[in-house]
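Please keep the sequence and the 3D view open while reading.

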Amino acid sequence: MALLQIAEPGLSTAPHQHRLAVGIDLGTTNSLVATVRNGISVVLNDEHGRPLLPSVVRYHPDGSTTVGCEAQSRASEDPHNTIISAKRFMGRGIKDIPDAATLPYHFVDAPGMVQIKTVAGVKSPVEVSAEVLKVLKDRAEIALGGELTGAVITVPAYFDDAQRQATKDAARLAGLSVLRLLNEPTAAAIAYGLDNASEGIYAVYDLGGGTFDVSILKLTKGVFEVLSTNGDSALGGDDFDRRIYCWMLDESALHTVGDHDKAMLMAKAREAKEHLTDHPEVQITAVLATGQLIDFKLTEAKFNELAVSLVNKTLAPCRKALRDAGLQTGDIKGVVMVGGSTRVPRIQAAVGEFFGQTPLTNLDPDKVVALGAAIQANVLAGNKREDDWLLLDVVPLSLGLETMGGLVEKVIPRNSTIPVARGQDFTTYKDGQTAMSIHVLQGERELVSDCRSLARFALRGIPPMVAGAARIRVTFQVDADGLLSVTARETGTGIESHIEVKPSYGLSDDEVARMLQESYAHAREDVDARQLAEIKVDAQRLIDASVAALAEDGAALLQADERAAVEALITNLDSQLQGHDPAAIKRATEALNRGTAEFAARRMDASVKRALAGHKIDEIGM
Amino acid sequence: MGADTCSAPQGDATELTMGPAVTADASVTLSERAANHIRNFLAKRGSGLGIKLGVRTSGCSGMAYKLEFADSVDPEDIQFESFGVKVFVDPKSLSYLAGTELDFVREGLNEGFKFNNPNVKNACGCGESFNV
């Protein structure tokens, strides 16, 4: 016998047509699933009554997986195959993971997204996340007694297109239909906004396990508008654990420990941090594989000292978000705290000091995002009249395209509310040009090389005309999930070309397979090519600087033979640059560096003399 | 999804035929547990006069229950009260619901409302639709 829930007036469903929708907070450390039952958003617990599912997946040699608490508690036994915080790797390349070397995983660099080698084969972060989502989906289907219509999944506001697409792919792999991706702080505001329903401007401070986001939201008559977002996609509670872990290593004069001990000490560090939330000190004891005993007392004061730079690191994005929204701290009516790490008393105090008010903590900071996501899922699934409230979200990073000279023309500026469509006209720059290449980029920097390349496509068949006569309208459109499509259209003939911007990682399955194959085949070459390019850039920079210095001060500061020596070294490096031997270029670079050291010292002296000339000693204030 | 997931009443899986079909008691009641939950849901929702029960003709076995929050009352609605919670039923539905008790039950991880309706002769396998 199916059990019924109370529906909103006029919205009862037909039998077997329940619109079961859930909100999922796919967190770095923990994940949750919530739903709206009888008009109230509730988190669904597992069979042991636990709301949080640790986002930890352990792969076994037979290909099976364990997910959650069980995997987490055994992490130290099998650190290479127990993937923790996979969300940090979603849509990221190995170069985007600064601490990759300190993690116990066997990373495999792949185009677009890093992969992890486990006993059950090479797994992508998408597959790992899908395992977590599958468990939550099963939990929800058992609890709700039916198949899910869809889910709203939350992502950090700072996630770029590749990371959002990776999240959608993980959901698809888990058999979930994604109603929408929602920014985590926005979800938190929904949970708070509907419960408290007070108008004004709010800041949402979300310090999760592995990501930090701050959003400035405006609430008016039940309408949420995100004014600005900022954050740091590589800062979270895990970093506080790592500080404690490093402190323990320092205290015991250890430089490195085995993977097994590392995972165990990280778990101890987390326990210690959690204990300090409502205790003034904590005793940490552990026995390492070597038999060495670790036994320390960590006081709240010491922990605050270890954490102070991390706490301060969260305040800079707060400042930037306020500036983007054109607001002062005094304009903020309330500060919503999200994420388990906001339980740390020092953080609450620092946020309180920054915004000049006590932050709101009346909802469970671990659950608030999932609760808000469930409320939105309920609306999107059609269980509530949608005109009750409308949600506006923003583009987290500017979207634009490449123009001449390697510069980026922004078409949709960051923090534009979505869905959004913007068009811009471009023209040909050569007589008789019949095609135009369109390179779509994401980011705030001015140069193409500093932004993230999302896609390239070409508009062909432009009728030959004189330069500047063709009118090509390029339209950028971002849907409600923050995903982009770009259309280019020659307005005279109406010829058109279109691309769904599939961010650099979000390729078709076949393409991914092919690219993976290629990357394995070319992995060594790719690494070498990158290294060579970096060495060449450095060498060129040194040549340019040396040449400029010679032109400026060479005559005044160098004897003819000294100058000839420097010039010979420049010529030597220049000729090595034409070749492809990184070691030779490096040697020549170092030779030039050494050969110009004396020259550089003389220039320094000369410029100091110039700066001091004509000043009395007391004016310099030394 | 949809009605095709459920076939016509069949065999032993659907032996949900209950009680006497004819009832003298034409009231609709709530179990205490159901009333407590409804009171709680109404309080958290912040508005609503009570709940509205009804029956619609749909589903694979003919009829389906309707369970909604009541924000307004139609003049012809019949009002009951159980444990302080108001229950509204339209007269047409009442003929199918007379003697029904609404209960709140927990089955494993799932929990929700259950109609104990003495008028039901057959229900589909899942009990979401029925006939009298």
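## A buried loop residue

A325(A) is buried: 22 other C-beta atoms lie within 10 Å of its own. The cut-off for that label is 20 or more, so A325(A) qualifies. The model is predicted.

A325(A) sits in the loop between α7 (300–324) and β18 of chain A. What does A325(A) touch, not counting residues up to four places away in sequence? The list is I216(A), L227(A) and S228(A). Take L227(A): 98 residues separate it from A325(A) in sequence, yet the two C-alpha atoms are 5.6 Å apart in space.

Is strand β18 (residues 334–338) of chain A mostly covered or mostly open? It is mostly covered, with 4 of its 5 residues buried.

β18(A) pairs with strand β13 (residues 200–207) of chain A. The pairing is parallel and spans 5 bridges. Within it, V335(A) in β18(A) stands opposite A203(A). Strands of a sheet pair through backbone hydrogen bonds, in either the parallel or the antiparallel sense.

## The nonpolar cores

Nonpolar side chains tend to be buried together in soluble globular proteins. Here the largest nonpolar core has 117 residues. Which of them touch the most other members? They are A151(A) and V336(A).

V336(A) has contacts from several parts of the chain A sequence, leaving aside neighbours within four places. They are A188(A), A189(A), Y192(A), Y202(A), V204(A), Y205(A) and L360(A). A second core is separate and counts 27 residues. Its members include I6(A) and A7(A) of chain A, and A64(B) and F88(B) of chain B.

## A four-stranded sheet in chain A

Strand β20 (residues 399–403) of chain A is joined to β21(A) by 5 bridges, and the two run antiparallel. One residue pair to look for is G400(A) with its bridge partner K410(A) in β21(A).

## A three-stranded sheet in chain A

Another open sheet has 3 strands, in the order β8-β9-β10 of chain A. Pairing here is antiparallel. The edges are β8 (106–108) and β10 (121–123) of chain A, and each pairs on one side only. From one strand to the next, the twist averages 35 degrees.

How many bridges link β8(A) to strand β9 (residues 115–118) of chain A? There are 3, in the antiparallel sense. V108(A) stands opposite Q115(A) in β9(A).

## Chain B at a glance

Chain B has 132 residues, of which 33% count as buried. It holds 2 helices and 9 strands. From the N terminus on, they run β-α-β-β-β-β-α-β-β-β-β.

How much of the contact set in chain B, at a separation of 6 or more, comes from residues 24 or more positions apart? The share is 63%. Chain B also contributes A64(B) and F88(B) to the 27-residue core described above.

Key
Residues are numbered from 1 along each chain as its sequence is written. Chains are lettered from A and ligands numbered from 1 in the order in which they are written. This is a predicted model: local features need pLDDT of at least 70, side-chain atom pairs count only at pLDDT 80 or more; totals for chains, interfaces and linings use all residues. A nonpolar core is a set of buried Ala, Val, Leu, Ile, Met, Phe, Trp, Tyr and Cys residues joined through C-beta atoms within 7 Å. A residue is buried if 20 or more other C-beta atoms lie within 10 Å of its own, exposed if 12 or fewer, and partly exposed in between; C-beta atoms are placed from the backbone. Two residues are in contact if their C-beta atoms, placed from the backbone, lie within 7 Å. Two strands pair if DSSP finds at least two bridges between them. Axes are lines fitted to C-alpha atoms, for helices over the stretch in contact, and angles run from 0 to 180 degrees between N-to-C directions.
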